[in-house]
Amino acid sequence: MQITSETNGDLLEIRVSGRLDNEWAGSLSAAIDEAVRLGSHSVVLDLVGVSYISSAGIGALVRSYKQFQAIRGSFAIGTASPEVTEVIRLTGLTKMLLSEPVHRRGSTTSTHSTMQPSFRVSAQAGMTYESYDVRPGSTLTCETIGDAAALPREAYRAEQCRSIEFPCATMGLGLGAFGRDFGDSANRFGEFLAVGGAAAQQPTGSASKPDFQRQVGDFVPNVQMLYGLKCAGEFPQLIRFERLDDEGRLTLSSLADQFLTLADTDLAAMVFVAESAGLIGATLQRSPTSANEAESSKLSHPEIRRWLSFTPERAFPHTLALVVGVASRGAPSGRAKPLAPLLRPLTPRSELHGHFHAAVFSYRPFKKRKLELNETVAALLENEDLQAVLHLLHDDREITGGGESEFVRGACWVGPIANVSGGSY
Amino acid sequence: MLDIQQIAKTFHAGTPNEVRALRGVDLKIEPGSFVILIGTNGSGKSTLLNAVAGSFLVDTGRLKLNGREITRWPEHRRAQFIGRVFQNPFTGTAPSMTIAENLALAAKRGRTRGLGWALSSSTKNDLRERIRAMGLGLEDRLDNAIGSLSGGQRQSLTLLMAGLLKPDLLLLDEHTAALDPKSADQVIRLTEEFIRRDRLTTLMVTHSMHQAAHLGDRLIMMVRGRVHHDFQGAEKRRLTPENLLARFEEVRRADQLDETAAEMLGRQYV
């Protein structure tokens with residue numbers, strides 16, 4: 001059997017010849033999966049060269065059809081040999097698989113976009129950004145919580161812990177835990193993020209599996225927070241971004257920079273769901289409710305080995321990352337001053353500052369064009385395959401450094417932060 | 001019971017090749033427990049096994065086996081209480097001697113061997129039954145030279161010989177690592193059978209995450225000459241090969257967290 005494919009704009013044509021039996025059905029499925037992974041949302045099959053199709057082959061086609069339904073793409077057989085046409089007729093699948101494909105060559109983009117982007121930019125060679133105004137004019141407010149500066153030297157106590165709710169239309173990140181109160185969470189404080197009515201946390205101590213909470217009915221995610229930030233409000237803008245070739249490098253800092261530019265602001269909250277090309281980050285290993293045994297800082301060598309784990313090289317490639325963060329052009333000052341202890345330069349000597357946490361899920365394709373935030377987050381948690389939550393950072397050491405987290409494509413909700421309050425317990 | 005108290009061993013001390021193979025290992029192993037030892041290369045797991053067997057004497061610390069202090073005993077004296085199977089199937093048996101002769105030697109291990117009949121006919125019949133039970137079809141080949149057997153068959157026989165006298169302690173040093181997957185499975189099946197039947201106190205070194213996760217009732221993970229983690233009871237039963245790999249990944253990451261990384265993290269981590 002032979003499988004060849006040809007891209008034509010948004011449409012991918014896959015040509016198959018030979019026998020489509022159980023021996024080869026897997027190969028076809030793999031080719032189609034790969035096409036979806038690479039961003040195709042419309043596939044047309046040419047089965048003129050297929051002399052025989054077994055139930056396994058039919059099964060592969062139906063599975064692919066459903067997969068494309070799930071991402072609102074289109075999948076159909078364009079042309080087929082008489083043998084294949086007959087089998088598909090007999091199995092009653094004509095309507096599903098053989099009907100006139102919705103998207104023909106040349107008219108692929110018009111039917112499935114419910115909204116045109118307000119503008120489209122090619123920021124640099126090899127990358128594109130499309131921006132959609134979803135709630136024009138909206139801004140967010142931001143509140144900082146707790147004392148981040150105490151981490152290296154102090155043991156956090158009950159009176160420094162706050163119970164914070166994260167309903168829809170809020171987002172947050174920091175160090176926290178799921179539990180009734182401080183005592184209940186004392187051994188588990190670690191990185192968390194919250195967005196779209198959900199929260200995910202990486203526990204420290206004996207448990208290593210990240211945990212999550214989701215807003216259902218009257219239940220609202222609740223985090224016992226040591227420190228961090230919480231933003232409230234709706235995001236005015238949705239930005240789709242994609243790397244077009246290997247030259248384009250979508251690093252965390254380049255994305256943050258571009259999102260600030262597109263949102264036309266110097267301080268913004270941002271949430272993005274993106275296919276990871278490898279993440280660089282760190283996670284806390286032990287709950288900071290105890291101090292370092294030695295008098296030194298928790299973050300000094302060699303003590304740091306017991307407190308932090310980091311990724312010496314890019315980790316979690318080909319996964320889907322849900323990234324929540326705040327970025328600022330220049331160190332936070334003036335009205336943004338309370339954010340200063342929580343933000344760090346995103347690259348050495350750069351004016352760009354930020355704080356980002358990422359939750360990692362197994363890869364799955366996501367929908368084209370306009371996405372809804374709460375729905376997207378809920379869909380991510382549905383499969384319950386949360387792999388990790390980590391604090392993203394830039395391993396900027398010369399030679400040995402792992403560099404920055406990079407992404408392939410994704411969608412970002414971004415909004416200017418109009419008001420910052422905090423510094424209180 | 002095996003009681004290992006704070007043993008340490010440094011090879012080539014005072015030379016550029018100095019290796020601190022064991023850096024203070026404390027371990028109590030209850031009678032009848034089946035303990036798996038894992039660790040990366042150079043973590044000291046095989047050294048620990050050899051220290052117990054007496055291949056060398058430890059620098060500091062004490063070793064007790066069923067109340068007997070064996071710290072200064074030479075290897076051959078410990079052999080009357082300790083059975084061993086090595087990684088190399090060619091170790092542990094005498095290739096030019098027959099299966100029966102090898103078994104006869106094993107039956108007298110640690111005792112004085114005179115010139116009398118090595119095996120009484122009843123012992124020989126008993127051995128034949130045990131070999132038959134292994135299901136390798138060797139029961140009719142008792143007079144063949146061991147050298148004519150495959151690696152898997154030899155390792156199965158070595159295992160039988162090591163466990164023949166129901167030793168106080170059975171040491172298995174990656175005893176399936178040199179075998180093909182099918183033979184390895186077979187030897188592992190026999191290992192489990194023998195250990196369960198005679199409730200042998202066992203210490204087994206392995207590189208296989210699958211074996212480490214699925215065998216034994218306790219698992220010791222060694223890192224740089226120390227016990228890094230001791231999985232027992234429910235924690236051991238819940239272990240999967242993936243969990244173990246994740247643990248090793250943690251260790252690897254900690255190793256990479258040097259001063260420059262600490263400086264970078266100290267600057268950036270909030």
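Biologist: What makes strand β2 and strand β3 of chain A a pair, and in which sense do they run?
Modeller: Two strands pair if DSSP finds at least two bridges between them. Strand β2 (residues 11–20) and strand β3 (residues 42–53) of chain A have nine bridges, in the parallel sense, so by that definition they pair. One of the links joins S17(A) to its bridge partner G49(A) in β3(A). Strands, by the way, are DSSP runs of E of at least two residues, and helices are runs of H or I of at least four, numbered from the N terminus.

Biologist: Good to know! How far can I trust such details?
Modeller: This is a predicted model, where local features need pLDDT of at least 70 and side-chain atom pairs count only at pLDDT 80 or more, while totals for chains, interfaces and linings use all residues. Residues are numbered from 1 along each chain as its sequence is written, and chains are lettered from A and ligands numbered from 1 in the order in which they are written.

Biologist: Why are β1 and β4 of chain A called edge strands?
Modeller: The open sheet has the order β1-β2-β3-β4 in chain A, with mixed pairing. β1 (2–8) and β4 (74–80) of chain A each pair on one side only.

Biologist: Why is chain A called as compact as a globular protein of its length?
Modeller: The globule rule is 2.2 Å times the number of residues to the power 0.38, and the radius of gyration is taken over C-alpha atoms. For 425 residues the rule gives 22 Å, and chain A has 24 Å, which is close, so chain A is as compact as a globular protein of that length.
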